[in-house]
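The sequence and structure come first.

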Amino acid sequence: MSCHSIVRIGPLNSDDGCYATLLRSSITNYFSSSSSNEDNDTKNDPHRLAISNRYFDASVAFAGLNQSTDYFISASEIAVEDGIILVFDSSLSASQDMCFDSLNTLHDNAEKSTDLGDLLRLCVGVSFGPSPLADGTKASEEEYSRRVLWCLDRGYEYVEADMSPVGMESGHNDRDKEGFARIIEAILSCMWSSHVMKKRTAAATTSVTAANIGSGNTQSQPNEKANADTTASAVPSSDSEREKAAVANLMEGVDQDIESKNKAEEIKKQELAFHELERVIADAKNIRESSQNDSISDEERRKLAGDTALRMMDLFDKLGFGDDEEDSDETEASSLPEGVE
């Protein structure tokens with residue numbers, strides 16, 4: 001009985017400008033063009049992908065967010081919900097039903113109607129050229145941070161994809177992939193529920209050795225025998241061990257990527273906190289000037305000063321200054337002679 005991994009993608013509609021439909025067809029076209037098996041049943045199927053890497057094969061099928069899978073998954077096949085891809089128009093002038101904020105309702109409804117998988121969760125902002133948020137303005141930085149935080153809260157990876165021909169062709173050979181290349185990488189490296197591990201043996205090395213012996217070329221027999229023994233010992237002895245080895249290889253570098261992303265997010269948060277700190281300092285200066293000019297009463301000044309101090313303390317905590325001070329106090333206390341406080 002065959003198994004298929006289901007990936008929900010949306011919102012899908014019949015319009016020519018549907019970004020989710022465009023992304024789905026671009027993904028299937030990419031895998032179809034890179035497939036070496038011309039007789040593959042998924043070759044011209046807009047719903048299915050045949051995933052194949054050096055460790056396993058897998059079958060992935062796309063479905064709408066609330067779409068039934070009955071019409072392309074037969075009763076004799078198994079379907080497992082493995083992921084979801086939400087797609088939106090990343091431009092700041094996007095229509096209400098295609099903008100980033102429309103994803104709130106889509107995500108909530110999809111979670112209610114289906115048992116969403118979590119092996120692959122992507123939130124893709126589509127553009128046709130450089131990202132609209134790459135202009136370096138403060139508004140764009142704040143919008144980018146808002147989108148990333150929304151995705152983190154719901155378990156998505158945020159990807160900005162340039163769907164122009166140049167954008168879809170670039171970056172596939174980069175180590176740290178972005179855009180459409182990152183989407184392809186995520187699909188290829190995911191350990192799908194439908195995966196079937198490939199058999200790995202030393203048969204190829206043994207056959208080469210046998211061919212050399214049969215042809216009378218015995219000079220390299222000791223080295224080839226040693227290579228065959230080494231290859232055989234390096235091959236995992238069970239499917240579970242092969243699967244563990246495959247997962248370890250596919251996940252290589254993921255920890256570093258996560259750490260880098262976490263550092264980037266932390267830097268973003270600190271930058272936002274520093275901007276807020278500048279505003280608080282400016283407010284404090286205005287309160288001082290107003291007090292000197294007698295333009296506010298003493299009661300108002302005390303209230304504003306207290307609120308400003310609380311805001312500043314909160315920002316210091318966010319920036320980690322409070323933790324350093326506590327650590328310093330504890331260090332000083334531990335260095336005092338016994339009985340001295």
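What volume does the second largest cavity have? The second largest cavity has a volume of about 50 Å³, where a volume is the space filled by probe spheres set on grid points joined across faces, edges and corners. The model is predicted, so local features need pLDDT of at least 70 and side-chain atom pairs pLDDT 80 or more, while totals for chains, interfaces and linings use all residues. Residues are numbered from 1 along each chain as its sequence is written, and side-chain values use heavy atoms, without hydrogens and water.

**Cavities**
- There are 3 cavities of 30 Å³ or more, a cavity being a set of points on a 1 Å grid where a 1.4 Å probe fits but cannot get out.
- K138, E141, E142, S145, K268, E271, L272 and H275 line the second largest cavity, each having an atom within 4 Å of a point.
- α3 (138–154) and α9 (254–292) each give two or more residues to this lining; helices are DSSP runs (H or I) of at least four residues and strands (E) of at least two, numbered from the N terminus.

**L86**
- L86 lies in strand β4 (residues 78–89).
- Beyond four places in sequence, L86 touches residues including G10, L65, W150 and Y156, contact meaning heavy atoms within 4.5 Å.

**Nonpolar cores**
- The largest core has 34 residues, and a core joins buried Ala, Val, Leu, Ile, Met, Phe, Trp, Tyr and Cys residues through side-chain atoms within 4.5 Å.
- L23, I27, I85, V124, I183, I187 and W192 touch the most other members.
- A second, separate core of 15 residues includes A110, L116, V148 and Y156.

Note on methods. 1 Å grid on protein atoms, 1.4 Å probe; cavity = no way out; pocket = protein on both sides within 12 Å on 5 of 7 lines; lining within 4 Å. Buried < 20%, exposed > 50% of the residue type's maximum accessible area, 1.4 Å probe, protein only.
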